[in-house]
Amino acid sequence: ALQLQTQLVERAAGEAERGAALDELKRGLQRTGHTVQQLLTLARLEPGAVSMPSVRVELATLAREAVVEQARVAEARDIDLGLAEVDSRAVVMGDAEALRILLSNLLANALRYTPRGGRVDVSCRMRDGQPVLEIADTGCGIPEAERERVFDRFYRRPGEQESGSGLGLAIVRAIADRHDAVVSLHAAQGGGLLARVVFPTFE
């Protein structure tokens, strides 16, 4: 695809056509770079890969940092992004950087599929003694029959319009598995999607 886009730049008849071809080439490079980064992340999560030290991670801190990092994206898309519920007792043991990637991927998905004027809420709470992380959006949701399929590598839903590599949720599942956590997707109240990650009890 990149080779084809390069050829289009070379064959452009005028400045306007060349500029449009260059813009498309830049977008292609960005998509390729993102896909390579996602593949490298998956490789680091493969069984047998070097594991990072397990540390105490407060989900409340993780949630606040993620909301701040994505605030500009949410503002650009006119989406109300915020913390719905924060419980300081929600603490897990794990790889802090991997958990940041997990939450970042879930939040990026929620923002990508929520229309302008929508809402995305991040929560962390304790439920039956287990730390729980949740991201709820007011997007179009995912049919129940497809909610497991979307965790497959490179899976793209039929008719998908948004750009992406199809690796984001596969990475989320791999990180959850490494932390003995369970990630699942549900219908959110009022429509949209609710992504939930339930971690083992912290001792």
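## Overview

Of the 203 residues of the protein, 42% count as buried, where buried means under 20% relative accessible area, exposed over 50% and partly exposed in between, with a 1.4 Å probe and protein chains only. The model is predicted, with local features needing pLDDT of at least 70 and side-chain atom pairs counting only at pLDDT 80 or more, while totals for chains, interfaces and linings use all residues. Residues are numbered from 1 along each chain as its sequence is written, and side-chain values use heavy atoms, with hydrogens and water left out.

The protein has five helices and seven strands; helices (H or I, at least four residues) and strands (E, at least two) are DSSP runs, numbered from the N terminus. Their order from the N terminus is α-α-β-α-β-β-α-β-β-α-β-β. Among contacts with a separation of 6 or more, 67% are between residues 24 or more positions apart, contact meaning heavy atoms within 4.5 Å.

## The sheet

An open sheet is formed by five strands in the order S2-S4-S5-S7-S6, with mixed pairing; two strands pair if DSSP finds at least two bridges between them. Strand S2 (80-86) and strand S6 (182-187) are the edge strands, each pairing on one side only. On average, neighbouring strands of this sheet are turned by 15° against each other, direction ignored. Axes here are lines fitted to C-alpha atoms, for helices over the stretch in contact, and angles run from 0 to 180 degrees between N-to-C directions.

Two helices lie across this sheet. Helix H3 (residues 59-76) lies across S2, strand S4 (119-127) and S5, and runs at about 170° to S2. Helix H4 (residues 96-112) lies across S2, S4, S5 and S7, and runs at about 25° to S5.

S7 is largely enclosed by the rest of the structure, because six of its six residues are buried. Both of its faces are covered: Leu193, Ala195 and Val197 are buried on one side, and Leu194, Arg196 and Val198 on the other.

S7 (residues 193-198) runs antiparallel to S5 (residues 130-137), and five bridges join the two. Leu133 stands opposite Val197 of S7, and Val132 has Val198 as its bridge partner. S6 is also antiparallel to S7, joined to it by six bridges; here Val182 has Val198 as its bridge partner. S6 and S7 form a hairpin with five residues between them, and Gly190 in the turn has a positive phi of about 80°.

## Helices H4 and H5

Two packed helices are described by the angle between their axes and the distance between the axes. For H4 and H5, the axes come within 9 Å and cross at roughly 145°. The crossing of H4 past H5 is left-handed, a term used if the near helix is turned anticlockwise from the far one by less than a right angle, with right-handed used if clockwise. On H4 the contact is made by Ala98, Leu99, Ile101, Leu102, Asn105, Leu106 and Asn109, and on H5 by Gly168, Leu169, Ile171, Val172, Ile175 and Ala176.

Eight of the eleven residues of H5 are buried, leaving this helix mostly covered. The buried residues of H5 are Gly168, Leu169, Ala170, Ile171, Val172, Ala174, Ile175 and Ala176. Asp180, which follows H5, has a positive phi near 55°.

## Individual residues

Val91 lies in strand S3 (residues 91-94) and is buried, with a relative accessible area of 3%. Leaving aside neighbours within four places in sequence, Val91 is in contact with Arg56, Val57, Glu58, Pro131 and Phe202.

Glu146, in the loop between S5 and helix H5 (168-178), is buried with a relative accessible area of 17%. Its C-alpha atom is separated by 9.8 Å from that of Leu185, 39 residues apart along the chain.

## Aromatic rings

Zero aromatic pairs are found in a search of the whole structure; rings of Phe, Tyr and Trp (its six-membered ring) pair if their centres lie within 6.5 Å, with planes under 30 degrees apart counted as stacked, over 60 as edge-to-face and the rest as tilted. The charged end of Arg173 sits over the ring of Phe151, 4.1 Å from its centre. That term requires NZ of Lys or CZ of Arg within 6 Å of the ring centre and within 35 degrees of the ring normal.
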